[in-house]
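Subject: Structure for your review

Dear colleague,

Please find below the structure that I am handing over to you.

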Amino acid sequence: MSPSPRSSGERRDGRTVAIVQARTGSTRLPGKVLRPILGQPMIHRVMTRAARASTLDAVVLATTTLPEDDALAGLAQAAGWPVTRGSPTDLLDRYLQAAREHEAEVVVRITSDCPLIDPEVIDRVVEAFRAAEVDYASNTLEPRTYPRGLDVEVVSLAALEQAGREDSNPAWREHATPYLYRHPERFRLLRVPFERDESRERWSVDTPEDETVVRRLYEALGRDDFGWLEALAVAKAHPEWSRGNRDIEQKAVPPA
């Protein structure tokens, strides 16, 4: 996607903070972020893998103020992860709160249901953002090329704050970033694709079937410092593993 006219905010290549959104109240797989993968909660896998990205200054857990997320916040604090607790429904506001609390100038959005998130993919999207005069960069802009579950969005704090001021759609705010990528006339967008289409693989964890696929990949690899291309090679060697989750519908962002 070609860059569109600049937003009113000026991007700064300053402190870069990954904010990992997490809650325990998933409807399709309750408590999934605390369920173990190779002996560690899924959120631990996400935070640990994200922290290996060389372009990040910090990785922050952003959870809700609901009592049901006390255990998640406690786990984060015990692990030494920075934590922000904010709105259960206004995810855009929660991201802004976390960005301000942790002095982010560039925000990297990662979701807690992506236990195969790859630090090299994070670095690739962040570096593409830094190299271009854009407000938002992502490997999720259509057409997708990466497997679902490697999703990385990078946005300047100025652009995120503009979205916070202007986005009046609660359904969009619940997903944090739609206002940015659905207003290319306001923000410069950058698509960061892979060299070939591998988007058929589904590695995000929303259902028990998704969890089974991810567990099998972890068990086959036997460690958590593998790259996504290693996981892809295992997945292609065992195509039967992904038959159970390949057709699962991703929750869609509502239209305006």
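In the protein chain, among contacts between residues at least 6 apart in sequence, 73% join residues at least 24 apart. Please note that this is a predicted model.

Overall form

The protein chain has nine helices and nine strands. A compact globule of 256 residues would have a radius of gyration near 18 Å, and the protein chain, with 17 Å, agrees with this. Along the principal axes, its C-alpha atoms fill a box of roughly 50 × 45 × 35 Å. Of the 256 residues, 56% count as buried. The chain exposes about 10,900 Å², and carbon and sulfur atoms supply 48% of that area.

The cavity

The structure holds one cavity of 30 Å³ or more. The volume of the largest cavity is about 40 Å³. Its lining is formed by E201, W203, V213, L217, A235, H238, W241 and S242. Sorted by class, this lining has five nonpolar, two polar and one charged residues.

Y136 lies in strand 7, which covers residues 136–138. Its relative accessible area is 0%, which is under 20%, so Y136 counts as buried. Leaving aside neighbours within four places in sequence, Y136 is in contact with F129, L141, E153, V154, V155, T177, L180, Y181, R188, L189 and L190. The C-alpha atoms of Y136 and A159 are separated by 7.9 Å, although the two residues are 23 residues apart along the chain.

A cis peptide bond joins E142 and P143, with omega at about -5°. P143 is placed in the loop between strand 7 and strand 8 (153–156).

Two residues with positive phi

Which residue other than glycine has a phi near 55°? That residue is E103, found in the loop between helix 3 (91–101) and strand 6 (106–111). A176 is not a glycine either, and it has a positive phi of about 75°. A176 belongs to the loop between helix 6 (170–173) and helix 7 (178–181).

Are these two residues buried or exposed? E103 has 60% relative accessibility, which is over 50%, and therefore counts as exposed. A176, by contrast, has a relative accessible area of 2%, which is under 20%, so it is buried.

Yours sincerely

Terms used. Residues numbered from 1 in each chain as written. Predicted model: local features only at pLDDT ≥ 70, side-chain atom pairs only at ≥ 80, totals over all residues. Heavy atoms only, no water. 1 Å grid on protein atoms, 1.4 Å probe; cavity = no way out; pocket = protein on both sides within 12 Å on 5 of 7 lines; lining within 4 Å. Points joined across faces, edges and corners; volume = space filled by probe spheres on them. Nonpolar A, V, L, I, M, F, W, Y, C, P; charged D, E, K, R; others polar. Helix = DSSP H or I, 4+ residues; strand = E, 2+ residues; numbered from the N terminus. Rg over C-alpha atoms; globule rule 2.2 N^0.38 Å. Buried < 20%, exposed > 50% of the residue type's maximum accessible area, 1.4 Å probe, protein only. Contact = heavy atoms within 4.5 Å. Areas by Shrake-Rupley, 256 points an atom, 1.4 Å probe, with all protein chains shown as cover.
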